[in-house]
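Hello,

Here is the structure I promised to pass on to you. Please open it beside this email, and then read on for what was found.

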Amino acid sequence: MNMKIISKYLQFLRKSNHYTQDDLAKKLGISRQAVSKWETGTTIPDVEVLLKISKLYDITINDILEPKIQPQRITDFEQISAISEKELKEVLEQFDNKSLVTALMGASPQTNSFCERLFPDVDFDTTRKNIGRIRIEAVEDMQNQMIAMINLQMIDKEI
């Protein structure tokens with residue numbers, strides 16, 4: 001469960017249904033500040049509110065907590081170099097250095113070099129050494145989270 005993806009997805013759901021934060025708050029019987037906190041990733045809705053959200057949008061709670069983002073821009077982590085550097089940096093900065101390096105552990109040397117140029121302040125070698133051995137599932141999960149954020153950002157710009 002990635003708070004960043006959940007918060008971005010909650011914002012996407014609200015906007016795609018043409019609700020303001022105030023509109024959604026009134027429909028759910030909560031404060032606008034609560035909606036804002038979800039969308040900034042400060043908190044996530046409690047179970048009771050998740051149930052209301054799922055009914056409002058006709059999706060499951062699981063769809064909210066583990067959103068399946070349809071590829072809008074990229075389907076594979078190796079495609080990140082096709083994104084403009086400014087946009088990519090904006091998305092990847094939402095992840096910590098360990099997460100970025102973890103995702104890159106399964107990437108090509110070209111993708112690694114591209115990201116190392118994009119983030120010159122990150123000590124990739126030291127971070128790799130600190131992470132040590134890691135399961136491929138963890139690498140793939142992190143790559144998928146980053147792909148989802150890139151695709152969510154693309155969808156968000158279309159709304």
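First, some ground rules. This is a predicted model, in which local features need pLDDT of at least 70 and side-chain atom pairs count only at pLDDT 80 or more, while totals for chains, interfaces and linings use all residues. Residues are numbered from 1 along each chain as its sequence is written, and side-chain values use heavy atoms, with hydrogens and water left out.

Let's start with the inside. Buried here means under 20% relative accessible area, exposed means over 50%, and partly exposed is in between, with a 1.4 Å probe and protein chains only. Helices are DSSP runs of H or I with at least four residues, numbered from the N terminus. If you click on Leu88, you will find that it touches Ile80, Ile83, Phe114, Leu118 and Ile150, leaving out residues up to four places away in sequence; contact means heavy atoms within 4.5 Å.

Next, have a look at how helix 1 (residues 3-16) packs with helix 3 (residues 32-39): the angle is about 125° and the axes are 7 Å apart. Axes are lines fitted to C-alpha atoms, for helices over the stretch in contact, and angles run from 0 to 180 degrees between N-to-C directions. Helix 1 is therefore oblique to helix 3, as angles under 35 degrees count as roughly parallel, over 145 as roughly antiparallel, 65 to 115 as roughly perpendicular and the rest as oblique. Ser7, Leu10, Gln11 and Arg14 of helix 1 meet Val35, Trp38 and Glu39 of helix 3.

That contact also holds a salt bridge, between the side chains of Arg14 and Glu39 (2.5 Å, N to O). A salt bridge is a side-chain nitrogen of Lys or Arg within 4 Å of a carboxyl oxygen of Asp or Glu. Arg14 and Glu39 are 25 residues apart, and both are buried.

Where else do salt bridges turn up? The structure holds four of them, and Glu116, Asp125 and Arg128 are linked in a network. Glu116 and Arg128 pair at 2.9 Å, N to O. Glu116 lies in helix 8 (residues 109-118) and Arg128 in helix 9 (residues 124-131), so this pair ties together parts that are 12 residues apart in sequence. Arg128 and Asp125 pair at 3.1 Å, N to O. Both Glu116, at 32% relative accessibility, and Arg128, at 21%, count as partly exposed.

Two more places are worth a visit. Ser54, in helix 4 (residues 47-57), is buried, with a relative accessible area of 6%. Beyond its neighbours within four places in sequence, Ser54 is in contact with Ile59, Thr60, Ile61 and Ile64. In helix 7 (residues 97-104), six of the eight residues are buried, so this helix is largely enclosed by the rest of the structure.

Happy exploring!

How values were computed:
Helices (H or I, at least four residues) and strands (E, at least two) are DSSP runs, numbered from the N terminus.
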